[in-house]
Amino acid sequence: MEDEVRIPITSDADLVPARAEGRALANSLGFSRTDATLIATAISEVARNIVVHAGCGEILMRPQREHDRYGLVIIARDAGPGIRETEAVLERGYTSRAGLGLGLPGARRLMDEFHIVSELGKGTTVTMTKWRFRDELERLRDKRHRRG
Ligand SMILES: Nc1ncnc2c1ncn2[C@@H]1O[C@H](COP(=O)(O)OP(=O)(O)OP(=O)(O)O)[C@@H](O)[C@H]1O
Ligand SMILES: [Mg+2]
């Protein structure tokens with residue numbers, strides 16, 4: 001796909017490029033600085049979960065351009081131990097380790113869409129999306145710009 005980005009996650013050091021790429025894509029899609037920061041924070045949480053709970057995995061970032069909205073889809077996936085109760089982990093305070101259990105509920109709150117698919121012994125995929133709506137003025141400008 002056009003500008004899809006893939007970042008392998010094997011240690012905490014990989015959070016730095018993951019956040020930076022997320023910010024860069026958010027900027028290119030016209031998200032505000034505030035939204036770009038929220039997206040980067042959500043990326044940190046799912047990337048850190050890969051390091052802590054699965055060991056390694058990857059993050060895919062995929063811009064989504066629709067007529068009246070632009071989105072940034074973040075997919076964090078690993079082939080780790082999986083999650084037994086995908087509903088429970090979305091509640092604050094659920095942790096299997098000495099964590100705070102705030103990562104996933106926090107990331108969900110920061111993004112507009114949030115899904116977890118996980119199978120024990122197979123791995124986990126978290127898919128989350130942030131949308132930015134394009135108003136009529138922006139769409140008109142865009143159309144003009146393309147016509148040249
Ligand atoms: N990629 C993953 N693979 C396996 N289990 C996971 C994964 N991500 C999350 N989990 C499980 O979901 C629980 C909740 O995750 P969450 O990020 O909300 O909290 P935490 O990582 O335990 O603590 P915190 O993020 O606050 O430091 C984890 O304790 C772990 O059991
Ligand atoms: Mg966490």
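Reply: By class, the shell around ligand 1 holds 11 nonpolar, 10 polar and 3 charged residues. Here Ala, Val, Leu, Ile, Met, Phe, Trp, Tyr, Cys and Pro count as nonpolar, Asp, Glu, Lys and Arg as charged, and the others, Gly among them, as polar. This is a predicted model: local features need pLDDT of at least 70, side-chain atom pairs count only at pLDDT 80 or more, and totals for chains, interfaces and linings use all residues. Residues are numbered from 1 along each chain as its sequence is written, while chains are lettered from A and ligands numbered from 1 in the order in which they are written.

The shell has 24 residues, and Asn49, Thr95, Ser96, Gly99 and Gly103 come nearest. A residue is near if its C-beta atom, placed from the backbone, lies within 6 Å of the molecule. Two elements give two or more residues each: α2 (33–54) and α3 (103–110). Helices are DSSP runs (H or I, at least four residues), numbered from the N terminus. The largest share, 6 residues, comes from α2.

α2 also packs against helix α1 (residues 15–28). The angle is about 150°, and the axes lie 9 Å apart. Axes are lines fitted to C-alpha atoms over the stretch in contact, and angles run from 0 to 180 degrees between N-to-C directions. In this contact, α1 residues including Leu15, Ala18 and Gly22 meet α2 residues, among them Ile39, Ala40 and Ile43. Contact requires C-beta atoms, placed from the backbone, within 7 Å. The residues of this contact divide into 8 nonpolar, 3 polar and 4 charged.

Notes:
Two residues are in contact if their C-beta atoms, placed from the backbone, lie within 7 Å.
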